[in-house]
Each structure stands twice: as C-alpha cells, then as structure tokens.
Amino acid sequence: MAATTPANPLLAADGLPAFDRIAPTDVVPAVEALLADAHAAIEKLEADVAPTYDATIEALDAIDRPFERGWSPVGHLLGVKNSDELRDAHEAAIPQMVAYSLRASQSRPIFEALKALADGPEFAALPSAKRRIVTQRLLSAELGGVGLDGEDREAFNKLAEEMSQLTTKFSNNVLDATKAFGMTLTDPADAAGFPATLRSVASQAHNDHVAKDGVDGEPGTPEAGPWRITLDYPSYGPFMEHSRNRTQREQLYRAFATRASDGDVDNTPLVDRILEIRRRQSALLGREHFADVSLATKMAGTVDAVHGLLEKLRDASWAHGEKELAELADRFAADTGLSVDDLAPWDTAFYAERLREERYGFTDEELRPYFAFERVLDGLFALCGRLFGITMTAADGDAPVWNDDVRYFTVQDSETGEQIAAFYLDPYSRPADKRGGAWMADCLQRRRLPDGSLQLPVAHLVCNQTPPAGGKPSLMSFREVETLFHEFGHGLQHMLTTVDEADAAGIAGVEWDAVELPSQFMENWCYHRPTLLGMTAHYETGEPLPEDLFEKIVAARTHMAATQMLRQLQFGLTDMALHAGYDPATDGTPFDVGRRVAEKTSILPLPDWHRGLCAFSHIFAGGYSAGYYSYKWAEVLSADAFGAFEEAGLDDEAAVAATGRRFRDTVLAEGGSRHPADIFRDFRGREPSPEPLLRHSGLL
C-alpha cells in the first residue's frame with residue numbers, strides 16, 4: 001500500500017521534502033509534533049539505555065531522523081525563499097528546538113552509556129567510522145554542557161537559546177540591509193564603462209524595483225537606463241570594478257562596508273552580545289576562551305597552530321602585497337592626477353581591473369559570452385565523469401522545488417549505472433528573498449535504514465551568479481565559474497561518500513578546517529586547459545574560447561594574489577583575535593580589534609567608519625566562529641592534493657583518471673569516518689605541505 005501524504009508536508013516520513021507545498025503555517029505545528037515524539041523517545045531510551053552501539057548511536061539516529069524532513073527544510077527555505085512569515089514561524093520554533101537539542105545532548109544516562117561503550121571491550125571491534133562517531137558524540141556532549149549542574153547548566157542553556165535567536169536575527173539584518181539599499185542612475189555618463197552584463201543586471205533591477213515595490217518610474221533598457229545598482233554581489237562587484245564615477249564608487253563602498261550597522265537592522269549590539277555569550281559559555285565549560293572550544297573539534301587543534309600557518313602565509317605575502325598596492329597607486333595617480341596617498345579602498349577594485357586588462361589583454365566581459373551557464377555545467381559534469389567515474393542526469397520535474405529556476409539532478413556510478421546520489425542546483429541571484437553568497441547543504445544524508453535499505457544522499461547546491469537578462473542566457477564571470485566548481489566540490493564529498501553511518505557520511509564528522517579541501521581542490525580545474533576549453537563556447541557563434549584567451553586567464557591567475565591572500569588572512573586573524581582572549585574591558589570594541597589586525601594584514605588602511613564585522617555572517621551567523629582560518633588551512637590541503645595530479649601528469653588521461661579514482665576512494669568516500677590527516681596521508685603518501693599553495697599563488 002502506498003504511503004499516505006500527511007496534511008503537513010513537514011511530517012512526511014519519506015521521499016524528498018515537498019518544497020512546493022511547505023508553508024510558514026506548517027512550521028510550528030510540525031515542530032511541536034516532532035518534539036513531542038522526540039521527548040518521549042529520549043525518556044524511554046534513558047530509562048533502559050545499554051552501553052552498546054545499537055542501543056545508543058543507532059537509537060539516537062532513529063530519534064533524530066524525522067527532523068531531517070521536518071526541520072532542515074525550514075532552515076533551507078529561510079536562506080533561499082525568505083519571507084516575514086517564514087521568519088516569524090522559524091523564530092517561534094527555535095526556542096523549542098534549542099531546548100530539545102540541549103536536553104538530548106546533556107542526557108547523563110546516554111552520556112554514561114556512551115562512556116561505558118568507549119571504555120568497554122566492544123569498542124575496539126567497531127569499524128573506524130563507528131568509533132569516531134562515539135568519540136565525537138562524547139566530545140560534543142562535553143562541549144554542550146553535559147558536565148554542568150544546577151545554576152551553571154541553567155545559565156548555559158539560557159545562553160544557548162539566546163544565541164540561536166541572535167544568530168538568526170544577525171543573518172536577517174544583513175539580508176534586509178542588503179535588500180534595502182539601491183542607487184539608481186539615470187545619466188548615461190554614469191554608466192560609461194559598464195560591461196553589457198552589468199547594464200542588463202542593473203536595468204533589470206530597476207524594472208523589478210518599479211514593478212515589485214510600486215515605486216514611480218518608467219521601465220528602462222540596458223542601453224539607455226535607468227540602472228539600479230544594489231549591494232547584491234553580481235551588481236556590487238562589477239560596479240566597483242568598472243564605474244568611472246569615483247564619487248559613486250565611494251557611495252557604494254560605504255554602503256557595503258557599513259551594512260547592518262545602523263537603524264533597525266544594526267548588528268553592532270548583536271556582535272557584542274554574541275561574543276559575550278561565547279565567552280560566558282566557554283568559562284562555564286572550564287575552557288580558556290571560545291577558540292579553545294571551537295578548536296577542540298578541528299584539525300588544527302590549537303590557536304598556536306592556526307597562528308603559525310597564518311603568519312607564515314602573511315610573511316610570504318606582505319612584500320608582494322606592498323608591490324601590488326604601489327602599482328595600483330601609481331596607476332591611480334597617473335589616471336586622476338591625485339597623489340598616490342589619495343588612493344582609497346573604493347579605488348582598488350577599479351584600478352586592479354584596469355591593470356589586469358592592460359597586462360593580460362582581456363576583460364571579464366570578453367569572457368562571459370564563452371561561459372554560458374548550461375555549457376559550463378556540461379563541462380563540470382564531464383570533468384567529474386573523467387575524474388571520479390560518475391554521470392549526472394537532469395531529472396527536472398522529479399522533485400518539488402522552491403523556485404522555477406531550481407534544477408534537480410541524479411548521480412550515477414558510470415561503471416554500474418546505479419544511482420548513488422542526487423542534488424538540487426539553485427544557481428541565480430534573487431536578492432529579494434535569497435541570502436547572498438554560495439553554499440552546499442545536505443538535504444538528505446546517506447544512511448543505512450533499520451529495514452536494511454540505503455537512503456541515498458541528496459545535496460543542496462546554492463549560488464548567486466548573474467541571472468539571465470535581456471534575452472540572453474546566464475553568462476558567467478570567471479569567478480562565478482570558480483564558485484560553481486567550489487560548491488560542487490562540497491557536493492561531491494556529500495554525495496560520493498560510501499559511509500553508511502549518517503554521523504560520519506559525507507561532510508558529517510569531518511573536522512571543519514578540512515571541509516574546504518574538496519571544494520577548493522575543484523577550483524584548480526578551472527585553469528586546466530582541456531577542462532576549461534571543454535566547457536566554453538560562444539553562446540551566439542559556438543566558437544570555442546580562443547587559445548590566447550586561455551593563456552591570458554592562466555597568466556592572470558596570480559594577479560593581485562598577495563592582496564587577496566592578505567584579505568583572507570585579515571578575516572581569519574580577526575576572527576581568532578575576537579574568540580581567543582578578547583576582553584572588551586582592555587581591548588576596546590570588536591572594531592578596534594579588527595583595525596589592529598588590519599594594520600598587519602591590510603597594506604591600505606581601512607577607514608575608521610568601516611563596519612564590516614556587522615555583515616560578517618560567517619562568524620556571527622554561520623559555522624566559522626573561531627574557524628574562518630579553515631579556508632586557508634584547507635587550501636593548503638587542496639593545493640597539495642591537486643599537486644598529486646600535476647605530478648601524475650595533467651596531460652596523461654589514464655594517470656589523471658587513476659589519481660582521481662584514488663581521490664574519490666579516500667577524501668570523497670571516507671568523509672568523517674577517519675581523521676582527515678590520516679585520509680590525506682593515504683591519498684598523498686605524506687604530510688601536507690604549504691609549498692604548492694604558495695607556488696599556485698605566485699608567492700614563491
């Protein structure tokens with residue numbers, strides 16, 4: 001008999017989430033029903049828990065599994081289809097969800113059973129994935145306050161509940177601040193120098209503003225305007241690179257650098273409170289600071305190890321960065337007649353782009369016609385077929401989606417034809433209801449179900465690339481191509497796992513500073529000649545990317561590389577400074593801390609009014625608190641991993657395929673089942689080295 005479809009789509013027991021039917025009014029009733037069952041199940045488990053894997057981990061997984069379809073989709077929709085109604089429903093449900101999570105993680109009977117299991121004779125006989133899961137569950141419980149009693153536990157839990165609300169509000173404030181700003185240009189002189197894609201995007205933004213927001217104004221055209229410039233990156237980034245109006249560049253830069261720092265969406269008090277909560281929770285746990293809590297679950301392990309790597313990269317980059325800035329300043333002075341000392345942050349992107357065009361003889365706009373989205377996607381799929389022996393098949397219409405632009409694909413093993421995974425792809429920017437950035441998230445985990453069947457992994461891949469406009473397909477910038485490859489790398493680790501335990505399958509259980517390894521590894525293939533030429537064709541003529549343009553792209557890879565490196569180091573070191581011993585009584589405000597770090601990492605000083613922390617969602621609303629360094633830590637691993645392909649011979653198809661299969665069977669397949677250092681050694685045959693990263697960046 002076919003399963004009945006529940007009236008509330010969030011209470012479905014199987015299948016894909018019904019994204020086309022989920023409504024904000026479904027959220028609270030679903031959460032209440034799920035939590036009633038979960039609380040009863042936890043109490044039953046506590047009454048008769050035994051120190052065995054099945055009686056602890058398997059039982060907990062069975063209790064948690066309904067939330068995969070009943071709660072995870074809510075968080076996903078908050079990012080891709082945000083609305084006031086959904087926010088209200090999410091906010092109403094969050095305290096109950098946090099209270100349950102704390103209740104489960106702080107269960108003494110379950111914790112003691114897990115400890116007895118870890119200390120007992122059965123433990124050594126368990127597979128490595130199961131041993132890792134038990135060990136990580138114990139550590140998670142300790143960091144979640146299982147050892148606290150009485151007033152300390154009550155205080156810890158109240159702080160956790162408040163934190164969940166603050167981080168959601170922080171993210172919503174950034175989205176609202178981004179959405180609220182717009183600069184409408186009507187003078188054609190202000191659009192001089194705009195590439196065609198920016199003209200189309202800005203014209204469409206104006207027309208949407210008129211149609212959707214009910215403002216006065218006539219529809220415009222890409223050629224004649226009006227043009228509306230926003231803080232959404234497909235608009236902001238190209239404008240800063242191409243606008244010849246320095247006053248307007250400053251206006252936009254100020255708006256971007258002060259997002260969510262005043263008015264009803266001011267995140268300044270949230271920054272202070274979030275940091276305070278983390279300090280207080282760390283103290284309750286007996287930890288020196290929050291970085292100590294964060295690094296307990298990471299590959300680096302200690303603040304000293306993090307600083308050691310970041311300082312090594314800073315030392316390798318600083319002199320190169322000074323040279324890059326001097327060249328920009330000279331170009332600025334020659335163009336404007338102003339002093340080199342007048343160079344400002346809103347000038348750097350513009351003059352960096354001018355230097356790149358002059359040195360390498362091409363513009364981003366010249367590349368876009370060769371990078372039509374569908375063609376790029378085909379090239380990405382072909383690469384994954386060569387490297388990993390998989391086939392992606394469009395299955396649009398087979399899965400409910402949250403927007404008409406969303407695609408759905410299945411993944412097959414090319415040798416057997418067997419389906420092994422699936423993924424959603426949401427490619428385009430939608431500033432009205434979709435948060436900025438790009439990310440991969442799990443929709444469904446791979447897991448062995450109680451009846452012996454296998455639940456296949458399903459991923460969400462979300463980008464914010466330039467949408468189709470002016471009758472043209474989505475023509476991607478080269479950076480957008482890299483971003484697509486990056487997120488697909490995350491998706492590959494989620495989808496190609498061979499681990500059947502949900503807590504160690506895919507990226508689950510992988511130390512956070514190793515999670516970026518597959519994603520950053522995939523970006524390297526954007527500079528591989530057969531791969532790049534194989535995914536390019538002029539969208540009108542079908543002509544392949546000219547050979548000289550490919551050579552210029554490769555040559556330009558290291559353009560401003562030191563400046564980009566220092567920018568990432570600034571983010572990582574600021575994050576660590578705020579979470580490793582920061583004391584507002586002696587260290588000033590978080591912005592003071594940021595400025596001191598910038599003195600060591602930003603050769604061009606930041607303005608005193610810069611408030612970038614107010615939009616630093618990675619560390620205040622995401623998973624990167626005391627962990628933003630992870631991008632660089634993992635980039636060392638990813639560059640070294642790509643080095644294995646270089647050593648095998650990038651022109652040797654058989655060697656590339658063999659190395660790719662080894663990468664699939666280790667890094668991608670084993671996921672969180674073993675420590676990433678052990679998996680990396682199995683793939684590479686040695687410890688990781690930072691030398692390939694510095695070489696790829698032109699810093700050696």
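Modeller: The model is predicted, and the residue I take is Thr 56, which is buried, its relative accessible area being 0%. The cut-off for buried is under 20%. Thr 56 belongs to helix α2, which spans residues 53-70. With neighbours within four places in sequence set aside, the contacts of Thr 56 are Val 49, Ala 50, Ala 113, Leu 114 and Leu 117.

Two other buried residues are in loops. Ala 260 is at 2% relative accessibility and counts as buried. Its loop runs between α10 (246-257) and α11 (268-284). Ala 260 is not a glycine, yet its phi is positive, at about 55°. Met 560, at 9% relative accessibility, also counts as buried. The loop that holds Met 560 is between α20 (547-555) and α21 (561-579), and here too phi is positive in a residue other than glycine, with a value near 60°. A further backbone feature is the cis peptide bond from Gly 225 to Pro 226, where omega is near 0°. Pro 226 is placed in the loop between α8 (196-213) and β2 (227-229).

As for the interior in general, nonpolar side chains tend to be buried together in soluble globular proteins. In this model the largest nonpolar core has 94 residues, and Phe 388 and Phe 423 have the most contacts inside it. Helix α16 (residues 373-388) gives the largest share of this core, 9 residues. Beyond its neighbours within four places in sequence, Phe 388 is in contact with Leu 492, Leu 496, Phe 521, Met 522, Gly 660, Arg 661, Phe 663, Arg 664 and Leu 668. There is also a second, separate core of 62 residues, and among its members are Leu 126, Phe 156, Ala 395 and Val 462.

On the scale of the whole chain, the protein has 28 helices and 9 strands. Its radius of gyration is 25 Å, close to the 27 Å given by the globule rule for 700 residues, so the protein is as compact as a globular protein of that length. Along the principal axes, the C-alpha atoms fill a box of roughly 80 × 60 × 55 Å. Of the 700 residues, 55% count as buried. Among contacts with a separation of 6 or more, 72% are between residues 24 or more positions apart. The accessible surface is about 28,300 Å², and carbon and sulfur atoms account for 51% of it. The protein has 67 positive and 109 negative charges, whose mean positions are 2 Å apart.

Terms used
Residues numbered from 1 in each chain as written. Predicted model: local features only at pLDDT ≥ 70, side-chain atom pairs only at ≥ 80, totals over all residues. Heavy atoms only, no water. Helix = DSSP H or I, 4+ residues; strand = E, 2+ residues; numbered from the N terminus. Rg over C-alpha atoms; globule rule 2.2 N^0.38 Å. Buried < 20%, exposed > 50% of the residue type's maximum accessible area, 1.4 Å probe, protein only. Contact = heavy atoms within 4.5 Å. Areas by Shrake-Rupley, 256 points an atom, 1.4 Å probe, with all protein chains shown as cover. Lys, Arg positive; Asp, Glu negative; His and termini not counted. Charge placed at Lys NZ, Arg CZ, Asp CG, Glu CD. Core = buried A, V, L, I, M, F, W, Y, C linked by side-chain atoms within 4.5 Å.
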